[in-house]
Amino acid sequence: MIPGPIAAIRGARIAHLIETDGPGGAERMVAEMAGELAAGGCPGVAFLPRDREGWLGRELAAVGVEVEHYRLERPFSPHYVREMAAAFRAHRIDIVHSHEFTMAIYNAWAARVAHIPHVITMHGSRYYAARWQRRIAMRFAVVSSNGVVAVSQNLAAHLRRDLHVRHQTIGVIPNGVRSRPLPTSTLRRELGLAPDDRVVLAVGNLYSVKGHLQLIEALALLPAAARVHVVIAGRGELADSLAARAVTLGVSDRLHLLGLRADIPNLLADADLFAHPSLSEGLPLALLEAMFAGRAIVASDVGEIGSALGGGAGLLVPPGDPVALATSIARVLDHPSEADALGAAAARRAANVYSLGSMVARYAHIYNKVLNRSAGALRAKAEPALHAPIA
């Protein structure tokens, strides 16, 4: 059965726009949501950057979402605006949904030219805040749009303060993920680990903001006799430097950099603990997947993570603190009953708050309000003509 909010907008054509197409959190959210909406009777068209790696395009095509490509010239492109406005009309788009700063700016403009409602989701980046010109452009996009969503309360507060907009201008919809049953894992066999080796799993691209360096430093603080192995799934520019740091700290035999992996449930199934040591964050999908999997979690208290792990669903540590991270990891691994309780609480909270269905239903509710408001505005504009005197 199609959830009520989606049924209410069935047939609406949604344009999904994002400037990146790699396997990041925002891109995965777009793929999951567009697929759910399409399955519920809301055909979508995703507009993605041309000549990139194509990961997101493949994910969208696999769930039946049409994909088109655009080229955005820098630093300023009225040509893009004209082309996108024409594309929205050609595809009979009912709502344009942009993700993150650049798409929000340009597509608020393009949607306005095409006379189509526009919705923005901000996922965590405060790129706009670095320069006053960007803040002005972002404020224009926000006040010109029909709905603006942040994925966390913390980000919503930043947007309101940075852009000087009213509280009700920015809504909050937490990210959601699909609950997947855990398979019989192949991870330990793949890495040649013994049954009594303990696996601390982290998932995220290898950028400094993800805190993997601090996780490796925490690993070095744990005694070798504890047989703790840190396994990181993700790719990025820091792979070589992280490996080199592990060599310097003498833990290279207990660090495993897996690169990009599509089998996260397989990895979670063999993890004793999930670590998320980010220095800055919104609401990471990897954390939510670990919660659904019922893993014990140790995470930095940044962004919306503290709220997500409320009610005993995980242990929080200060960001950038390897000592606190190592202490909490040791505590969980040394007390299996506490680890089980943390994992069970995480799974309950994920099911109650962070399901994919709940997230999509909340966006569908916004779409429905936007469409009704837009239809009302068109009717109001048409009424004077209907009652005009015949010449």
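Student: Where does Asp-270 lie?
Tutor: Helices (DSSP H or I, at least four residues) and strands (DSSP E, at least two) are numbered from the N terminus. By that count, Asp-270 lies in the loop between helix 11 (264-269) and strand 11 (273-276).

Student: Before we go on, what should I know about the model?
Tutor: Residues are numbered from 1 along each chain as its sequence is written, and side-chain values use heavy atoms, with hydrogens and water left out. This is a predicted model, where local features need pLDDT of at least 70 and side-chain atom pairs count only at pLDDT 80 or more, while totals for chains, interfaces and linings use all residues.

Student: Is Asp-270 buried or exposed?
Tutor: Under 20% relative accessible area is buried, over 50% is exposed and in between is partly exposed, using a 1.4 Å probe and protein chains only. The relative accessible area of Asp-270 is 15%, so this residue is buried.

Student: Which residues does Asp-270 touch, not counting those up to four places away in sequence?
Tutor: Contact here means heavy atoms within 4.5 Å. With that cut-off, the residues touched by Asp-270 are Ser-185, Thr-186, Leu-187, Arg-188 and Val-199.

Student: And how far apart in space are Asp-270 and Arg-295?
Tutor: In sequence, 25 residues separate Asp-270 and Arg-295. From C-alpha to C-alpha, their distance in space is 9.8 Å.

Student: In what order do the six strands of the open sheet run?
Tutor: Two strands pair if DSSP finds at least two bridges between them. The pairing in this open sheet is parallel, and the order is 10-9-8-11-12-13.

Student: Which residue in strand 10 stands opposite Ile-232?
Tutor: Strand 9 (residues 228-233) runs parallel to strand 10, and four bridges join them. Opposite Ile-232 stands Leu-257.

Student: How many residues apart in sequence are the parts that Glu-36 and Arg-178 tie together?
Tutor: A salt bridge needs a side-chain nitrogen of Lys or Arg within 4 Å of a carboxyl oxygen of Asp or Glu. Glu-36 and Arg-178 form one, with their closest N and O atoms 3.1 Å apart. Glu-36 lies in helix 2 (residues 25-39) and Arg-178 in the loop between strand 7 (170-172) and helix 8 (187-191), so the sequence separation is 142 residues.

Student: Which residues are linked in a network of salt bridges?
Tutor: The structure holds 16 salt bridges. Glu-36, at 26% relative accessibility, is partly exposed, and Arg-178 is partly exposed at 34%. The network links them with two others: Glu-32, Glu-36, Arg-178 and Arg-180.

Student: How far apart are the closest N and O atoms of Asp-197 and Arg-227?
Tutor: Arg-227 also forms a salt bridge with Asp-196, at 3.5 Å. Asp-196 is partly exposed at 46%, whereas Asp-197 is buried at 6%. For Asp-197 and Arg-227, the closest N and O atoms are separated by 2.8 Å.

Student: Which residues is Lys-210 in contact with, leaving aside its neighbours within four places in sequence?
Tutor: Lys-210 lies in the loop between strand 8 and helix 9, and a relative accessible area of 19% makes it buried. Its contacts are Asn-205, Pro-277, Ser-278, Leu-279 and Glu-281.

Student: What covers the buried residues of helix 7?
Tutor: In helix 7 (residues 153-163), the buried residues include Leu-155, His-158 and Asp-162. Just after this helix, His-164 takes a positive phi of about 55°. The cover includes strand 5 (118-122), helix 6 (132-144), strand 6 (147-150) and strand 7.
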